[in-house]
Amino acid sequence: MVKDPLHFLNFERQTGEVVPAKERVTQFKEVQAQQNQQVREEQSSRCLDCGTPYCQWKCPLHNAIPRWLELAGEGRIMEAAELAHQTNPLPEVCGRVCPQDRLCESVCTLNDEFGAVTIGQVERDITDLALDAGWRPDLSYVAKTGHKVAVIGAGPAGIGCADYLVRAGVAVTVYEAEPVIGGLLSTGIPGFKLEKDIITRRFEVLKDMGVEFVLGTKVGQDISFKELLDGYDAVFLGLGAPRSVDSGLAGSDAEGCLEAAHYLYDQNLKLMQGTELHFDQKGKHVVVIGGGDTAMDCSRTALRQGAASVTLLYRRDRENMPGSPKEVRFAEEEGLQFAFCHQPLEVLAQGGKVEGIRVQETQLGAPDASGRRRPEPVAGSERDLKADTVVLALGFRPQLPPWLSEVGVVADEAGRVLAPDGKTLHPKIFAGGDMVLGADLVVTAIANGRKAAIGILDKLGLTAGVTAA
C-alpha cells in the first residue's frame with residue numbers, strides 16, 4: 001500500500017510524556033517517558049522518506065534513519081533495532097544524549113513548519129524495547145581471524161572501536177581505569193539524562209558479543225603500556241578529555257570551588273555504588289559558571305541535591321548558549337536562575353572557604369574569529385553574589401599520558417593526539433574520540449572510534465565486517 005504523501009499532516013510532533021518539574025527535581029530518574037506503541041508508530045510514519053535523507057547525512061554515524069523509522073512505523077521493533085545497531089553500538093544512549101535539535105532533527109524536512117520527526121525518541125525506544133525483549137546481535141556468521149587488539153578506555157570511542165572489530169572477527173580486550181564502562185556516560189552524565197542501568201545492560205550485551213573487559217586497571221600503573229603494545233597486534237587509545245579548562249580565577253583554590261567533572265563524578269558514584277557524597281549541596285547557594293550541557297548537568301544536579309538556590313553565570317546571552325535548548329528549558333522549569341551576560345571576576349573566600357563570587361556585566365560586541373559576538377565588560381557593573389559553592393563548568397581538554405610520548409605519539413598545542421583517520425605516528429597505535437577531536441559529542445566519539453577500527457582492520461589485512469559509518 002502506497003503511503004499518502006501528506007500523511008504527516010495527520011499527526012503533530014509528539015514525544016513521550018515529560019515528568020512534571022516538581023516531581024523530577026526530587027529524583028535522578030529520566031524525565032521523559034517512552035512513547036506508547038500507537039504514538040511511536042504514528043510519529044515514525046511521519047517520515048517523508050526524502051529522496052536525499054538529510055537526517056542520515058547530518059548524523060556523524062550516518063545511521064539509516066528513514067529505514068528504521070519505516071520499520072518502527074510498521075511495529076517491526078526487532079528489525080528496526082537490528083538496523084540501528086549496524087551503524088551504532090549505542091543507539092539507546094545516542095537517542096537520549098545526542099543533540100538531535102542540532103543534528104538529525106535539525107535538517108528534517110518537516111522541522112521548520114510541522115515539527116521534526118521524533119528521531120531521537122524513536123531510536124532510544126526501539127532499542128530499549130528490543131533489548132528488553134531479548135534481542136542480541138547475531139554474530140554467528142563471524143569467523144575468528146586470530147588477531148587480537150587492545151582498547152584502552154571503555155568510553156564511547158573505545159566501545160565504538162571494540163564493537164566494530166569484534167563484528168569483524170577480531171578478539172578485543174578493553175582496559176578501563178574505572179570499575180564501570182562508559183567513560184563519561186557513567187561518571188559524567190547525570191542519571192536524569194541517562195540512567196545507569198542502561199550502561200550496565202549494554203555492558204552485558206558487549207560481553208555476550210565476545211568483548212573482554214579488564215576494569216579498574218590503569219595503564220601505566222597496574223599494567224605497562226609496553227606489555228600491551230608487545231602482546232597485541234594493535235592498540236586503540238580512547239582516553240577522552242579528562243583535563244578541566246583552567247578558569248584562571250583568583251580564589252578558585254578555595255574550599256567549595258569545584259571542577260564540574262569532580263562534582264558530577266561524586267554524584268554518579270553514589271548512584272552506581274551507593275557511596276557517600278563528598279559534595280552534597282543541600283541547603284547551599286550554588287553558582288555554576290558555563291553555558292554548555294555540562295553546566296546544565298551541574299545545575300540540575302545541585303537542584304536535585306536540595307540546594308537553596310542555583311544560579312548559572314554565562315557571559316553571553318541565552319541565544320548564544322552552546323547548551324541544548326531542551327536542557328536549558330528543563331533546567332529553567334526546575335528552578336535554575338540565569339545570570340546572562342555576566343562574567344566572573346573573582347571567587348570570594350573567608351577562612352579558605354567560598355563565600356561568594358564577584359561578577360561583572362557584559363555586552364555583546366563584534367563577532368570574534370569563531371563568528372560569535374564577543375562579550376565585552378561593562379565598566380562599573382561589578383557586584384558580588386552570595387555563594388557557598390562555585391562549580392566551574394568551562395570545558396575539558398585532552399591530556400597525553402607520559403607513557404604515550406615515550407613511544408613517539410605526539411599531540412598538538414591543545415593536547416589533542418595527532419591521529420588522522422585514527423592512525424598515530426606509531427604503526428601499531430591508533431586513537432580516536434575526544435583525545436583526538438577535543439571535547440565533543442558522544443556520537444562523534446563513536447564515529448571516530450569506528451573510523452580507527454577500519455584503519456586497524458586495514459593494517460591487519462582484514463575486511464570490515466559491518467557497514468562503515
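The model is a predicted one, in which local features need pLDDT of at least 70 and side-chain atom pairs count only at pLDDT 80 or more, whereas totals for chains, interfaces and linings use all residues. Residues are numbered from 1 along each chain as its sequence is written, and side-chain values use heavy atoms, with hydrogens and water left out.

The buried residues of H13 (under 20% relative accessible area, with exposed over 50% and partly exposed in between; 1.4 Å probe, protein chains only) include Tyr263, Leu264 and Asp266. The buried residues of this helix pack against helix H10 (184-187), helix H11 (196-209), strand E6 (257-259), helix H14 (293-304) and strand E14 (389-392), contact being heavy atoms within 4.5 Å. Gly274, which follows H13, has a positive phi near 70°.

Strand E6 also belongs to an open sheet of five strands, in the order E6-E14-E7-E8-E9 with parallel pairing, where two strands pair if DSSP finds at least two bridges between them. The edge strands, each pairing on one side only, are E6 and strand E9 (337-340). Between strand E7 (residues 285-289) and strand E8 (residues 309-314), which run parallel, there are five bridges, and Val287 stands opposite Thr311 in E8.

Notes
Helix = DSSP H or I, 4+ residues; strand = E, 2+ residues; numbered from the N terminus.
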